[in-house]
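Biologist: Please pick one part of this model and take me through it up close. After that, carry on to whatever else is worth a look.

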Amino acid sequence: MPKDKILFERKQIIIKERSPQSQAQAAPLDEVTGTITIIENERGKFFRYVPLGLEDVMTDDWALINGVHSITSNKNDGDSTTQSSSPLLKFRFNFNLHDLRSVRRHHMLHGIAHMVFILKDGTTLPAFYFNLGGSKELLQKLAQCLRLEKSTQDARLYIVKDDLPKRNLSQSLSAFDQLNLFDSSNDVMRRLRGNDPHRTTVERFSKVTQFVKDTFLGQNEFITTNENSNGLLAPDVTALTNSINDEIRESNNDGFEVIYKVDFKKLPDVARGQPVTTKEWQTFFDKDGRAIDVDKLKERIYRGGLESNILRREVWKFLLNFYPWSSTRDERIEILKKRKSEYFDMKVQWKSMNEQQKQRNASFRDRESLIDKDVARTDRTHEFYQDDNSVHLQILRDVLMTYNMYNFDLGYVQGMNDLLSPILIVMEEEVDAFWCFVGLMSRMEKNFHLDQAHIKSQLSNLHTLLQFIDAELANYLTENNSSNMYFFFRWMLICFKREFSFDDVMYLWEVIWTDYLCQNFDLLVCLAILLSQKTVIMESKFGCNEILKFFNDLSCNLDLDTCLLSAEKLYIQLATHRDIPTSIAKLLGLPTGPNQQLIATGENITYPRKIYTKQPHGTMNLDNSYFRQESEPSLLIDHDETTSAILDELLNMTPLMEL
């Protein structure tokens, strides 16, 4: 084992790990304390982060993190691997400094500095918080070891400058596997079809709608199939790519990517509000229990969400059309009675089927099997579903099976379990959960259609918006085979279910369900996040593979309020733009033509604004307007003339204020 020379060491470094989206409450490991070291040995210079308690555990040159397991490989011992189930191992990081692509340092006045490291393959490490200082010194040490260059677009971002070769185009599609859309457990079919990486990519992409299954059976007209050298049927990946790219090209014929140029850097001031309370909710109903001033009520929900699941249990029924907004208290009692009767009538239909009947109904049998598999792995780390014999798992299954009967043409498709899970947690009652799920599926059913036309259309719409707002970034994505927006596929398919914490997902959903601001608000949320990462993506020269990996790693590392603020600012800029293309106006539900009226936004606010007392969570904040700023540190290096010369360019730059 090579002897390590310590070049830098700092203790009491904290990772503030956001709870997984499947957990409602903070877990004990949400805040991990450890030590950062920069070491040098005969194999190179390495960055290491070791949590307290793992100091005596041997570390290898690299660790691949998989859930709560750390699978480590020793490069000197061939392909041998060891696996440990210690939960702390997922927070142990070790990489060669030559694998570093960029580092971002956030330092707020009177705040704690934190740093985020992004590797050349697009991997994004969690934010490291320097409670006792030392981030400036670490940045200086990295500048001694690497050629760092401060971004001209973002004063917090430092790019490692070296040769940045283009990735092989043939590798681009295989990166789609990194999206981890859904689990794969059909080993028989995998062996039958072989291990071609392109086929694996398409299988992951289309598993949601059983795309690959139908392709192999010859029943899907959406894409052709070829026979490979092994005599196995394989989907024509070129046809798939051309199909989506052609639709994007066909839908973007306005020419505004050349004609228009919009300055979106001077965004208007908007604010989020405090959550709606039970007391406030009750003020929106008259003596008969009928909602009054529904538009204002929806605005309040849009601005601040709801304070608790207890309140959501009542409000979501209105947002998801369980109850009409115009209904009285007595009418809702009758509606509930009718809905209960209808539900149990449908449930009896499938509950009463015997094995002989199931054997004659292949579609029912296959869907039941798929539901059983998916229910067993739905949000199992959440306390609501943790027990293997949990009654809630059984209710989840029953609701999905009943929906299969209710909408048999569509049936059950993977991903529906993700959408139902939060609804059941909120409602707790089986009948309420079912009809709210029906309401949600009325909004999202098109996402699960076999031809995937709606998802393709939404990806195309997102690209259309990007072309108008930021043609430079749109062109960059096109040059790097990413204009199809694959990296947002999972986000849009299940409405950000796996991208934010569980509480944030519920907050985001009720904001979207109000339909208060505009149509397709979820596209603006995606766009706001994409634009916030522009500098990192372009200055790091990420290719298709790296972009997919990078956005996959953003899961649970974004602050929702800042995403919503930025999305609303984009909307205001678009809605007030005199020459907005008709295609974009229709996309957002705006009247066409100049001087269109805009819904009241941040001005004359009568609701209680949200007060931010600490820095928003996330590896990269989208909006830091609530904070005072402090300029970036100069990188003063001693005892190294060569490194000092390399840093001249950095030192001569005008320090930019954090925006």
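Modeller: Let's start with helix 13, whose buried residues pack against helix 10 (329–351), helix 12 (362–375), helix 14 (416–427) and helix 15 (430–444). Helices here are DSSP runs of H or I with at least four residues, strands are runs of E with at least two, and both are numbered from the N terminus. Buried means under 20% relative accessible area, exposed means over 50%, and partly exposed is in between, using a 1.4 Å probe and protein chains only. Packing rests on contacts, meaning heavy atoms within 4.5 Å.

Keep in mind that this is a predicted model: local features need pLDDT of at least 70, side-chain atom pairs count only at pLDDT 80 or more, and totals for chains, interfaces and linings use all residues. Residues are numbered from 1 along each chain as its sequence is written, and side-chain values use heavy atoms, with hydrogens and water left out.

Back to helix 13, residues 391–406: its 16 residues should span 22 Å at 1.5 Å a residue, and its end C-alpha atoms are 22 Å apart, which agrees. That expected span is 1.5 Å times one less than the number of residues. The buried residues of helix 13 include Leu393, Ile395, Leu396 and Val399, and also Arg397 and Asp398.

Leu336 is partly exposed, because its relative accessible area is 22%. Leaving aside residues up to four places away in sequence, Leu336 touches Phe322, Tyr323 and Asp432. Leu336 and Asp432 are 96 residues apart along the chain, yet their C-alpha atoms are separated by 8.5 Å.

Cys563 counts as buried because its relative accessibility is 0%. Cys518 also counts as buried, at 8% relative accessibility. Cys563 is in no disulfide, and the nearest cysteine sulfur, that of Cys526, is 9.6 Å away. A disulfide here is a pair of cysteine sulfur atoms within 2.5 Å, and the structure holds zero of them.

Two strands pair if DSSP finds at least two bridges between them.

Strand 1 (residues 5–16) is joined to strand 2 (residues 31–41) by nine bridges, with Lys16 opposite Glu31 in strand 2. Three bridges join strand 1 to strand 10 (residues 128–130), where Ile13 stands opposite Phe130. Out at strand 7, four bridges make the link to strand 3 (residues 44–51), and Phe47 faces Phe95 there.

Stepping back, the protein chain has 26 helices and 14 strands, and 55% of its 659 residues count as buried.
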